[in-house]
Amino acid sequence: MATPEPSPTLSPATRAVSSLARSRETIIVGGGIAGLACARRLDEAQQPFLLISENLGGRIRRSRDNAVNLGAYYVRADYHHVNQLVTRGRRINARATRRHDPEGCYTLWDRRLLLHLPQAAQFLTKLLAFRRHYEVFKANSVAMSQAQAIRSDPHLWHLYQQPASEFVREHRFDAIARDYMAPGLHGTTFLPLNQLTAFSLLLGALPVIVPIYEFTFQPDALVEGFSDALLEDTVTAITAHNSGYQIETQASGSFTADFVVVATPAEVSQQLLGLPAIKGPVQAQMFEIAGTLRGRYNRADINLFPANDPTLAIARQANGSILFCTQQQTPAFDHYFNSWKVIEHKHWNPAFNLVGETLLECEQAPNLYLIGDHNICGLEDAYISGLHAAKRITRSSRTNVGAARPMSSARTTE
Ligand SMILES: Cc1cc2nc3c(=O)[nH]c(=O)nc-3n(C[C@H](O)[C@H](O)[C@H](O)COP(=O)(O)OP(=O)(O)OC[C@H]3O[C@@H](n4cnc5c(N)ncnc54)[C@H](O)[C@@H]3O)c2cc1C
């Protein structure tokens, strides 16, 4: 798990606990983009809640010098909700990337692309079709759960369950998969193509047709109006209690709530809810470096690497520093840099859970909701899952809150 870092906006448990009401209509656990989306929507609907989190922003993490995103790196132009909350920075241009392999390094527009043009055109057709379905899915998944929205679309449901390697074979995309998709996806999903599903492959390839941008994000601005409903703490247990739930925290004791929204990373949610299965974890190490890159790496804004290389991506930053993304704890910086000094290092373990086709329902038990990126990795889908939970809560008033089932009956689907 990522080391929790406190946020100045959250009330430290020690200060606020004595004055906190112990019984709340809704408690949200986790203040990443999903929990914040839910909180904002409940606040707009004037529904009372308490948000308990170790920090605000979660995997959206700026470096201490506020120059570099050490977690979520880009927003796509089709992040219709999230784009309203962030400030966009530079556009990340595919033309400024280079792919490296043992034989050399290549720009996007090299001779290989000409050879692969028919395959590339067919892949583009598949990607456009995926985008049409995915847009409808996102719109649907405010009103219904992600799991229901995916299952209700046979095209997406098939892709969600299909291994990416099978999709590549079926459509004879082998050459562009090797030369183009694999290095790009390795740099963004941190996985080789054969560990992805067709759905994650196509989602990860959307930047081919949808512009992407660096961004900055101010969690403190997002909680304006409800900063008194935030508590900095770690939730250690959630159990069924009378007709609602009891929430145990590390420092502030216990709370009860009619509705609980769990918006923590997958492994924490698994432990809190006893989920039988989650997707497999993917780790990554982010280094912000001051230095100069060696010749072949110095010609591009972004360098990408093949799937068997532990180096994931090297990205030149607007402030002149370099973001080095790798799976190694102690990378061979000398190989890439003439000179180098680590400004900051962040190990995400896991960065996200992306391996496999587990599909989790939002409502795990009556009035107990699971939101975030458990099913689909990325800021926009996590945000929308928070809107869905808020919608479910606002629809049920306190007077018709039903009896909670015990946690053991939490529903999970594969
Ligand atoms: C290195 C990296 C690069 C990425 N790049 C991109 C990208 O470019 N674009 C993109 O769209 N997505 C990207 N992602 C994925 C994206 O960051 C996530 O999908 C998204 O942030 C998930 O949001 P969340 O709210 O579900 O979870 P999180 O952001 O993880 O929020 C969970 C919250 O729960 C809190 N918490 C954890 N345990 C407890 C506990 N026991 N009690 C109380 N609180 C707890 C945490 O403090 C945190 O605030 C990237 C992720 C990483 C790590």
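This is a predicted model: local features need pLDDT of at least 70, side-chain atom pairs count only at pLDDT 80 or more; totals for chains, interfaces and linings use all residues.
Local features are given where pLDDT is at least 70, side-chain atom pairs count only at pLDDT 80 or more, and totals for chains, interfaces and linings use all residues. Residues are numbered from 1 along each chain as its sequence is written. Helices (H or I, at least four residues) and strands (E, at least two) are DSSP runs, numbered from the N terminus.

**The ligand**

- The ligand is surrounded by 36 residues, where a residue is near a molecule if its C-beta atom, placed from the backbone, lies within 6 Å of it.
- The closest of them are Gly-30, Gly-32, Glu-54, Gly-58 and Gly-372.
- Two or more residues of this shell come from each of β2 (23-31), α2 (33-44), β3 (50-56), β13 (280-293), β17 (337-355) and α13 (379-395).
- β3 gives the largest share, four residues.
- By type, the shell holds 21 nonpolar, twelve polar and three charged residues.
- In this count, Ala, Val, Leu, Ile, Met, Phe, Trp, Tyr, Cys and Pro are nonpolar, Asp, Glu, Lys and Arg are charged, and the others, Gly among them, are polar.

**The open sheet**

- Seven strands form an open sheet in the order β7-β6-β14-β15-β16-β13-β17, and their pairing is mixed; two strands pair if DSSP finds at least two bridges between them.
- The edges are β7 (104-107) and β17, and each has a single partner strand, so one side of each has no neighbour in the sheet.
- On average, neighbouring strands of this sheet are turned by 20° against each other, direction ignored.
- β6 (residues 97-101) pairs with β14 (residues 302-304) in the parallel sense, over three bridges.
- Arg-99 is opposite Leu-304 in β14.
- Helix α8 (174-189) lies across β6, β14, β15 (311-316) and β17, and runs at about 110° to β14.
- For such values, axes are lines fitted to C-alpha atoms, for helices over the stretch in contact, and angles run from 0 to 180 degrees between N-to-C directions.

**Ile-322 in the sheet**

- Ile-322 belongs to strand β16 (residues 322-326).
- Ile-322 counts as buried because it has 23 C-beta neighbours inside 10 Å.
- A residue is buried if 20 or more other C-beta atoms lie within 10 Å of its own, exposed if 12 or fewer, and partly exposed in between, with C-beta atoms placed from the backbone.
- Apart from neighbours within four places in sequence, Ile-322 is in contact with Ile-289, Gly-291, Leu-293, Ile-314, Arg-316 and Gln-317; two residues are in contact if their C-beta atoms, placed from the backbone, lie within 7 Å.
- His-155 is 167 residues from Ile-322 in sequence and 40 Å from it in space, C-alpha to C-alpha.

**Helix α9 and its cover**

- Eight of the eight residues of α9 (residues 198-205) are buried, so the helix is largely enclosed by the rest of the structure.
- Its buried residues are covered by elements including α4 (117-143), α6 (154-161), α7 (164-170), α8 and β17.

**Helix pairs**

- Two packed helices are described by the angle between their axes and the distance between the axes.
- The axes of α8 and α9 come within 10 Å and cross at roughly 90°, and the two helices are therefore roughly perpendicular.
- Met-181, Leu-185, Thr-188 and Thr-189 of α8 meet Ser-200, Leu-201, Gly-204 and Ala-205 of α9.
- The residues of this contact are four nonpolar, four polar and no charged.
- The axes of α4 and α13 come within 7 Å and cross at roughly 30°, and these helices are therefore roughly parallel.
- Angles under 35 degrees count as roughly parallel, over 145 as roughly antiparallel, 65 to 115 as roughly perpendicular and the rest as oblique.
- Lys-138, Ser-141, Val-142 and Ala-143 in α4 meet Ile-384, Leu-387, His-388 and Lys-391 in α13.
- The contact of α4 with α13 has four nonpolar, two polar and two charged residues.

**Backbone details**

- The peptide bond from Asn-349 to Pro-350 is cis, with omega near 5°, and Pro-350 lies in strand β17.
- Asn-66, in the loop between β3 and β4 (74-76), is not a glycine but has a positive phi of about 60°.
- Asn-66 counts as exposed, with 8 C-beta neighbours inside 10 Å.
- Asn-367, in the loop between β18 (363-365) and β19 (368-370), is not a glycine but has a positive phi of about 65°.
- Asn-367 is buried, with 23 other C-beta atoms within 10 Å.
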